[in-house]
Protein chains: 2
Amino acid sequence: VALSQETIMVREIEEGTLLSVPGLRGAALSSGIKETGRPDLALVVSDEPVAAAGVFTRNALPAAPVKLCRRRLAREPRGRAVVINSGNANAMTGDRGDRDAAAMAERLEERCGGPALVLSTGIIGVPMPMDRILGGIDRAAAELSPDAGEAVAEAMLTTDTRIKTCAVEVKLPADDGAAPARVVVGGVAKGSGMIHPDMATMLAVIATDAPLGQDAICSTLRAAVQRSFNEITVDGDTSTNDTVLLLAGGAQTRPILADTPRHAVLQAGIDVVAEQLARMIVADGEGATRVMELRVTGARGDDEARLVARTVTDSLLVKTALAGGDPNWGRILAAAANAGIPLRQEELSLSIGGHAVFAGGGPIGAHEQEIAKAFSDAEVVVELDLGRGDGRARMLTSDITKGYVEINAEYHT
Amino acid sequence: VALSQETIMVREIEEGTLLSVPGLRGAALSSGIKETGRPDLALVVSDEPVAAAGVFTRNALPAAPVKLCRRRLAREPRGRAVVINSGNANAMTGDRGDRDAAAMAERLEERCGGPALVLSTGIIGVPMPMDRILGGIDRAAAELSPDAGEAVAEAMLTTDTRIKTCAVEVKLPADDGAAPARVVVGGVAKGSGMIHPDMATMLAVIATDAPLGQDAICSTLRAAVQRSFNEITVDGDTSTNDTVLLLAGGAQTRPILADTPRHAVLQAGIDVVAEQLARMIVADGEGATRVMELRVTGARGDDEARLVARTVTDSLLVKTALAGGDPNWGRILAAAANAGIPLRQEELSLSIGGHAVFAGGGPIGAHEQEIAKAFSDAEVVVELDLGRGDGRARMLTSDITKGYVEINAEYHT
């Protein structure tokens, strides 16, 4: 990724993972939470405590690990060790769930040092099998390695069909006397890209060895999430467990402050990792075969654009039309008009794959073959201009297929 | 249906239809809108002009026939003839669509007298084949009969699998010197019971020979819709075409005024017809195999209860769990907690088929077989108490199955 045409400042690391970040080690194993025997527990541990921030679900009944991370990061925005389990979300589990999440953090701190953070995903409303989990933490803590990046990614999966991890190298510019420096941003995520996930919670951990100051780490993470995970239909306010963590620190460079050139470049690197993880999630949506990128412009403000974009990409008829590869654009306009915004037919324009389908108050009726082809590609760009202002937003959504229904109807408690 | 134990005031008419209402005739035929050759055009005509009211979609881009009906009923709340077509929604069709809807009303008034009203359902964004439609109106007008009730119901269908029509007899009590009187309420509807319908718009016509005063007809219809069509997931604010019409008048009794005993009984009769049609719609949801009735109590006000009920019944994970017959109640609580209400885990209680599954801040873990059985029946009642107040609401939803995806993915423009 080139930020300017002259100098490449953010470069993808081939086969990079979260553990491409210097100073991080990890381990993953099957602790027995999943009856299938598949990997279900992972540790990520930094050589030393680093700055940490989190963005969490807005669901009114957050899971126990979400409450634990929120409380700990509010008290002290630092972290050293993260335990991630799949197979059980530790949500709707009452006081016992809170005690179980605390016990996981305590055991992790005993084995790997702290502060410790906890992420869980899986079934809701079932008590955690703590003997297996604590035993799993003990065993994994003895196996930490910088080579476990893909294993960590795998142990987070539930209905995902592939691992989601990547890393970039970021060249920090010289700044106020500090020499240029190379740092790494890596990330890992799980999630199935559909709305209202429960067994399909979205979790992500992003890390960098660049030392972000405490003043900057929260806003940096929020900005990256806003441009990535909040622009896919796995959005932050649905599941009980959705969490994105950022760990930053370790490299022998001076702390990076907000509003500096170094920070701008590092933000770009973090944004790239977040965007790549978000795209991986939506493309691996449960049963998904196709991704639609919806760009809404001409709204009265970005919030209005976002509301319209979300209403369209949450529409079941739009998602099933996408599954059928059918450019049934009437469904897109009908869904947009259902967002509670007083749209006017004569101000709207809609294009699919760069071809206008609706403008000037009526259908265009041209390029039908090109439009049908664009809508049946693996990725289709749909542009909707509301003709009311300068607000804009973007959302990525996958399609809803019979495979989605199969996964979610036939998953039994 | 007995309103009191002593006197049956509202009684179902066996094989009743909209045209069971004295003074109504109808006709239906294949005009050629649908390429399949199935019936696609129906007329309903009253012997004389009667009072009329409508409730319409809140979609910001209503279809041309919705705009026409709104405008005409605002000017004069009366109607005599209704034309209903399926196969084309006349939505997103610009100025031409408005002219086409007006031409349909004009032709109908020429043939059958007015005022005329127009209802359309079907594909969005395609111009109406006006030659066929006008020819169809001409032919149907020559065939009006009181025996065409089922044919009218059939000509309205799109993806529906069965007709939806019923009627009741209502015994109006003596009132202020007027003798008791028997009147009929009949109705017809189409709709496939899913969210964001487009080819699956919800349309309904309810009629009675009881003469409702102009002061009472609008509020009577709104009350009936609130307790029926607005409590299923085909709700009034989604499609471009959703319409419910009420026609009232003709019987030789004195006008029925609001807030009288006669009005209360007639309202009950209209409510019964609306409720029956709504249940028929949700049970015939595209691909549906099962209906869930969600009762939310303990909210801070009915609006809050309604918001939670809609959030849960719109949840794709809840609807697919229902398809699987799987009492995955964690999904129900997680969806409720996503409504933006500050719920507290320890105040919630949830039961399925009368058996408690969550209370006192945690899972109950009893009666698992009975709960699984209740959730796999054709109809399941789920009760969610929020523990915050006295507000209550009810929603009916069908399940989302592979059949739904098949219908909506494989329907091509």
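Visitor: Are A:Glu304 and A:Arg388 buried or exposed?

Guide: The model is a predicted one, in which local features need pLDDT of at least 70 and side-chain atom pairs count only at pLDDT 80 or more, whereas totals for chains, interfaces and linings use all residues. Residues are numbered from 1 along each chain as its sequence is written, chains are lettered from A and ligands numbered from 1 in the order in which they are written, and side-chain values use heavy atoms, without hydrogens and water. Buried means under 20% relative accessible area, exposed over 50%, and partly exposed in between, with a 1.4 Å probe and protein chains only. For A:Glu304 and likewise for A:Arg388, the class is buried.

Visitor: Which parts of chain A does the salt bridge between A:Arg72 and A:Glu109 tie together?

Guide: The side chains of A:Arg72 and A:Glu109 meet at 2.8 Å, N to O. A:Arg72 counts as buried at 18% relative accessibility, whereas A:Glu109 is partly exposed at 29%. Because the two residues are 37 apart in sequence, the pair ties together helix H1 (residues 64-75) and helix H2 (residues 94-112).

Visitor: How many salt bridges does the structure hold over all chains?

Guide: Chain B supplies one of them, between B:Arg344 and B:Glu346, with the closest N and O atoms 2.8 Å apart. Both partners are partly exposed, B:Arg344 at 44% and B:Glu346 at 45%. In chain A, salt bridges that share partners join A:Glu275, A:Arg279, A:Glu293, A:Arg295, A:Glu379, A:Glu383 and A:Arg394 into one network. Over all chains, the number of salt bridges is 48.

Visitor: What are the edge strands of the open sheet of 6 strands in chain A?

Guide: Two strands pair if DSSP finds at least two bridges between them. The order is S13-S12-S11-S14-S10-S15, with mixed pairing. An edge strand here pairs on one side only, and the two that do so are strand S13 (362-363) and S15.

Visitor: Which residue of S14(A) stands opposite A:Leu294?

Guide: S14(A) has an antiparallel neighbour, strand S11 (residues 349-352), joined to it by 4 bridges. There, A:Ser351 faces A:Glu383 and A:Leu350 has A:Leu384 as its bridge partner. Strand S10 (residues 291-299) instead runs parallel to S14(A) over 7 bridges. In S14(A), the residue opposite A:Leu294 is A:Val382.

Visitor: Which backbone oxygen does the side chain of A:Thr208 reach?

Guide: A:Thr208 lies in strand S8 (residues 203-208) and is buried, with a relative accessible area of 2%. Its side chain reaches the backbone nitrogen of A:Ala210 at 3.0 Å. At 2.7 Å, that side chain also reaches the backbone oxygen of A:Val184.

Visitor: Which residue of chain A comes closest to the rotation axis?

Guide: Copies are superposed by least squares on the C-alpha atoms of residues with pLDDT of at least 70 in both. Chain A can be laid on chain B by a turn of 180° and a shift of 0.0 Å along the axis, with an RMSD of 0.0 Å. That is the relation of a two-fold axis. At 2.4 Å (C-alpha) from the axis, the residue that comes closest is A:Lys402.

Key. Polar contact = N/O pair within 3.5 Å; in protein donor to acceptor, adjacent residues only side chain to side chain. Salt bridge = Lys/Arg side-chain N within 4 Å of Asp/Glu carboxyl O.
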